Amino acid sequence: MKLLTLPDLGYEYSALEPYIDARTMEIHHTKHHAGYTNKANAVLEKYPELLKEYETPEGLMRAWSELDLSEPDKVALKNNLGGYLNHALFWRLMDPELKPDQTLRERVVARFGSLDRFKEEFSQVAVGHFGSGWAWLVEDDQGELKLYSTPNQDSPHLKGHKPLIGLDVWEHAYYLKYQNRRPEYIENWWQVLKLI
Ligand code: MN3
């Protein structure tokens, strides 16, 4: 793999208005996501062998627990590579041009009973997560769909799980528009989630 580059959103910062405001999107992408990208690269530049050994950032994240780095660098890589990957997925899920994934939708309905029931359960996980973190729908190592939250920028890849849907519940994702009203942000987020 190569050093990371901040991915383009592929759509305007204003494209998710009124549910997510343009100013929040711009700061989130150009400051937060860029910061995770740069800080992950700062670690990778110290350990160029990682770039040779791992083909993808996801593969590197999955192998994180076994990496032989100094403790501060290891923690920095978990936080910042996690932040890089989590946000790259998050932007893609909300791309107004994204076509819904019918296969995933059918799997979700089979697993949770209905799309509405899935949204309710996912929202409960997101609302109930204490502090900064993410709510996830993942495919676990047995191929099962699961819901849970992770603290900070911890990636489901750390558990060997494939993240399918992720919702950023850090205050930086919603505070300008919603202040402390996380449940309202989450309820509105379903309007901009295009994957299912
Ligand atoms: Mn964020």
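Tutor: Let's start at Lys 78, which sits in helix α4, residues 71–93 (helices are DSSP runs of H or I with at least four residues, strands are runs of E with at least two, and both are numbered from the N terminus). Please keep in mind that this is a predicted model, in which local features need pLDDT of at least 70 and side-chain atom pairs count only at pLDDT 80 or more, while totals for chains, interfaces and linings use all residues. Residues are numbered from 1 along each chain as its sequence is written, and side-chain values use heavy atoms, with hydrogens and water left out.

Lys 78 has a relative accessible area of 19%, so this lysine is buried (buried is under 20%, exposed over 50%, partly exposed in between, with a 1.4 Å probe and protein chains only). Leaving aside residues up to four places away in sequence, Lys 78 touches Met 61, Trp 64, Gln 153, Asp 154 and Leu 158 (contact means heavy atoms within 4.5 Å).

The manganese ion has as protein donors His 28 (NE2), His 87 (NE2), Asp 168 (OD) and His 172 (NE2), at 1.9 to 2.1 Å (donors are N, O and S atoms within 2.8 Å of the metal, or 3.2 Å for Na, K and Ca; water is not among the atoms, so a site may look incomplete). Along the chain, these donors are spaced as H-x58-H-x80-D-x3-H. Because His 87 belongs to α4 and His 172 to the loop between β3 and α7 (175–178), this pair ties together parts that are 85 residues apart in sequence. His 87 is buried at 0% relative accessibility, and His 172 is buried at 19%.

Strand β3 brings in the sheet. Three strands form an open sheet in the order β2-β1-β3, paired antiparallel (two strands pair if DSSP finds at least two bridges between them). The edges are β2 (145–151) and β3 (162–168); each has a single partner strand, so one side of each lacks a neighbour in the sheet. On average, neighbouring strands here are turned by 25° against each other, ignoring direction. Strand β1 (residues 133–139) runs antiparallel to β2 and is joined to it by seven bridges. Within that pairing, Trp 136 has Tyr 148 of β2 as its bridge partner.

Now for some backbone geometry. Most residues other than glycine have a negative phi, and most peptide bonds are trans. Asn 152, in the loop between β2 and β3, is not a glycine and yet has a positive phi of about 55°; at 39% relative accessibility, Asn 152 is partly exposed. Gln 179 also has a positive phi, near 50°, and lies in the loop between α7 and α8 (182–189). With 30% relative accessibility, Gln 179 is partly exposed. As for peptide bonds, the one joining Glu 17 and Pro 18 is cis, with omega about 0°, and Pro 18 is in the segment before α1 (22–46).

Conventions: Axes are lines fitted to C-alpha atoms, for helices over the stretch in contact, and angles run from 0 to 180 degrees between N-to-C directions.
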